[in-house]
Structure formats: C-alpha cells, structure tokens
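User: I have a structure to go through with you. Can you take my questions as they come?

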Amino acid sequence: PGRFYVCDDGLLLLSSEVGVIPTIEHSSVVRKGRVEPGRMFYVDFACGGQIVDDLVLKDSVARRLPYAQWLSAVVDIASEDEHEGEDDEHHGEHDHTPPESVLAPHDAAAVTSAE
C-alpha cells in the first residue's frame, strides 16, 4: 500500500512510507489518501494531472475489449464439458493430469499450465 499527498501548489507525493519528505508543510496539503491493496493509482497528465479514481480507471480499461464476451465463451465451454460423460470423472487419478473438463476453459482463455 502507498500513501499520497496533493499540495496546493500541485505537488503530488506518493510513497510507501509516511513522512518520507519531512519538510512538507501540512497546511499546504489539500488532499491525502492511501492506495489500498488491489487498487491502482493513476494520474492523467492529459487532463491536467487529475487523479483518476480506481473504479473509473478499471471500468475504462474493461470497456476497451470484449472481456465479458470472452468470459461467457469460457464459461459456456466449461458447462458443456461438465456434462460430457463419466470418462473424465476419474481421469488423472493415477497420473496426476487434470481431466479435459478442467483444461478446456484454460485453453479457451489462452492460459497455460504454468499460469
């Protein structure tokens, strides 16, 4: 997690520790906050150095490509494979390889076994 300060002169300080710059006048701080785990901190310099909210940033990225469509395709593949038959049910018991019903969604999402 990180902490940030925005000063009245436009200075932005971001650090993982509080008090990194001890000479800052606390009366000049107009905004302060923290970057929580799983959150992103983004400053849009094209918009005058505006700090973009985490949810707004993630929403704009999520709308760029059809992730929902891709996810539904993977879920559809997983659903079909669940009803494929009993042959896969005990597959891999002895050789420790996952059944095809587990691998199909990974293949559809281009995820390798290393990931």
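User: Why does Trp70 count as partly exposed?

Analyst: Trp70 counts as partly exposed because its relative accessibility is 44%. Buried means under 20% relative accessible area, exposed over 50%, and partly exposed in between, with a 1.4 Å probe and protein chains only.

User: What kind of model is this, and how are residues numbered?

Analyst: This is a predicted model, in which local features need pLDDT of at least 70 and side-chain atom pairs count only at pLDDT 80 or more, while totals for chains, interfaces and linings use all residues. Residues are numbered from 1 along each chain as its sequence is written, and side-chain values use heavy atoms, with hydrogens and water left out.

User: Back to Trp70. Which helix is it in?

Analyst: Trp70 lies in helix α2, residues 67-82. Helices (H or I, at least four residues) and strands (E, at least two) are DSSP runs, numbered from the N terminus.

User: Which residues form the nonpolar patch on the surface?

Analyst: Leu65, Tyr67 and Trp70 form it, with about 310 Å² of accessible area together. Patch residues have over 30% relative accessible area and no salt bridge; nonpolar side chains (Val, Leu, Ile, Met, Phe, Trp, Tyr) are joined within 5 Å, like charges within 9 Å. A salt bridge is a side-chain nitrogen of Lys or Arg within 4 Å of a carboxyl oxygen of Asp or Glu. Areas come from the Shrake-Rupley method with a 1.4 Å probe; for residues, only the protein chains shown count as cover.

User: New topic: what order do the strands of the open sheet have?

Analyst: The three strands run β2-β1-β3, with antiparallel pairing. At the edges are β2 (12-15) and β3 (29-35), each pairing on one side only. Two strands pair if DSSP finds at least two bridges between them.

User: How many bridges between β1 and β2?

Analyst: Four, in the antiparallel sense, with β1 covering residues 2-7. Val6 stands opposite Leu12 in β2, and Arg3 stands opposite Ser15 in β2.

User: What about the turn, where is the positive phi?

Analyst: Gly10 has it, at about 95°. The turn belongs to the hairpin of β1 and β2, which have four residues between them.

User: And the whole protein: which order do the elements run in?

Analyst: From the N terminus, β-β-β-β-β-α-α-α, with three helices and five strands. Buried residues make up 21% of the 115 residues.
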